[in-house]
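My entries follow the order in which I checked them.

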Amino acid sequence: MVAHRKSDFKSKWAMVVTVNDLNEKKREDLKDFAGWFIETLRLEGAFIGHYFNYETAPITIVETEQNSFESCTNAYQKIHKEHPQVVLVVHILPQTQSHEYEWMKVLASRYGFIRQGILYENCVNRFQNVDTDQNSVFRNMCQWIYRSGTAIIRNEGNSCGILHGKDAKPTFEKVLFNSEDIKEAVFKVLHKEEEPRGAELENIVKVSGYPEMLNAFGVAQLLSPYRVNGITLTGPQSAVVTLENKFQVYQAVQEFHGKKLDRNHKLEVISNVVPSPAVQVQSPSLKYSKKHIENLMGKLKVST
């Protein structure tokens, strides 16, 4: 009795095709290209120590309309929903600097795919017309796929892409997770607003008049020692700053509004939501005296 060796597990992958005037001949050629591409990728990867074991044929081939973000989105969404085992998506692009190239980056990040874009003309001629030799092209692909896969496993992707705008090619912005960039993008894109809403409004101040050279860190230093939870730069010399609470807002407005930084710059710190307190409150520091604390507590004491 002969025990047949079971085949090694092979990863599934998918193909998205954005090519005009597709016909059966072109579709058959793309299927042949898929097998040739994976085999070449496997051989070149092994040469540099990256071993890939993908199925010869893609588990699905999804065609999209050119210059249609909706069609492109539906393709990636379909793969994500119907084939959750897919990690690698090879996108056949119609031309260089196409809209689909930017959309591919954003959608692959959104749905957790490793992406690899390939021009359709390179599929047809099997990379014979590229300036770089074919071995280098595929080895660069191998390194990209390997790094991207490692980043997914290690959860190193701490950034995402956001598309906004009504044009055929929306604006692409790369922003960081767990930062004010996400909040800023959401309010700007979805709500057309420059600053937070609701409960957070009482914790923000608008700061302006500082030197143009200052970045977000520099603006935060202007409000020291108050704790800054977030900064949104709204202009070269203006920012919306979120402080710890509304009491620090009171104090920051009183202490810093009108402060001269130098002979050319006068700081403006204002709050449109929380009115200025009637009693001057000193900034928090180690210089608080016992008497001053007792005075404050006396003002807050409720008579019984």
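These entries go from salt bridges to the sheet and then to the rings.

**Entry 1: salt bridges**

I noted at the start that this is a predicted model. I then asked how many salt bridges the count comes to. The count is 10 salt bridges.

I began with Arg27. Arg27 forms a salt bridge with Glu63, and their closest N and O atoms are 2.6 Å apart. I looked up where the two residues sit. This pair links distant parts of the chain, with Arg27 in helix α1 (residues 24–47) and Glu63 in strand β2 (residues 60–63). They are 36 residues apart. Arg27 has 25% relative accessibility, so I logged Arg27 as partly exposed. Glu63, at 39%, is also logged as partly exposed.

Next I took a pair within helix α1. Glu28 and Lys31 meet through their side chains in a salt bridge, at 3.7 Å from N to O. The two are 3 residues apart in helix α1, so about one helical turn separates them. Glu28 is partly exposed at 40% relative accessible area. Lys31 is partly exposed as well, at 47% relative accessibility.

Is Arg227 buried or exposed? Arg227 is exposed, because its relative accessible area is 53% and the cut-off for exposed is over 50%. Glu244 counts as partly exposed, at 34% relative accessibility.

I also searched for shared partners.

**Entry 2**

I moved on to an open sheet of 4 strands. Its order is β8-β9-β7-β12, and the pairing is antiparallel. Which strands stand at the edges? They are β8 and β12 (268–270). Each has a single partner strand, so one side of each lacks a neighbour in the sheet. The average twist from one strand to the next is 20°.

I then looked at one pairing in detail. Strand β7 (residues 204–208) pairs with β9 in the antiparallel sense, over 5 bridges. Val207 stands opposite Ala239 in β9. Helix α8 packs on this sheet and touches β7, β9 and β12. The direction of α8 makes about 150° with that of β12.

**Entry 3: aromatic rings**

I picked Tyr226 and Phe256. Their ring centres are 6.0 Å apart and their planes are at 90°, so I recorded the pair as edge-to-face. Tyr226 lies in the loop between α7 and β8, and Phe256 lies in helix α8. They are 30 residues apart, and the pair links distant parts of the chain.

Phe33, Trp36, Phe37, Phe127 and Phe138 form one aromatic cluster. A charge is recorded at one of its members, Trp36: Arg126 lies over the face of Trp36, at 5.9 Å from the ring centre.

Key: Residues numbered from 1 in each chain as written. Predicted model: local features only at pLDDT ≥ 70, side-chain atom pairs only at ≥ 80, totals over all residues. Heavy atoms only, no water. Salt bridge = Lys/Arg side-chain N within 4 Å of Asp/Glu carboxyl O. Buried < 20%, exposed > 50% of the residue type's maximum accessible area, 1.4 Å probe, protein only. Pairing = 2+ DSSP bridges. Axes fitted to C-alpha atoms, helices over the stretch in contact; angles between N-to-C directions. Contact = heavy atoms within 4.5 Å. Phe/Tyr/Trp six-rings, centres within 6.5 Å; stacked < 30°, edge-to-face > 60°. Lys NZ or Arg CZ within 6 Å of the ring centre and 35° of its normal.
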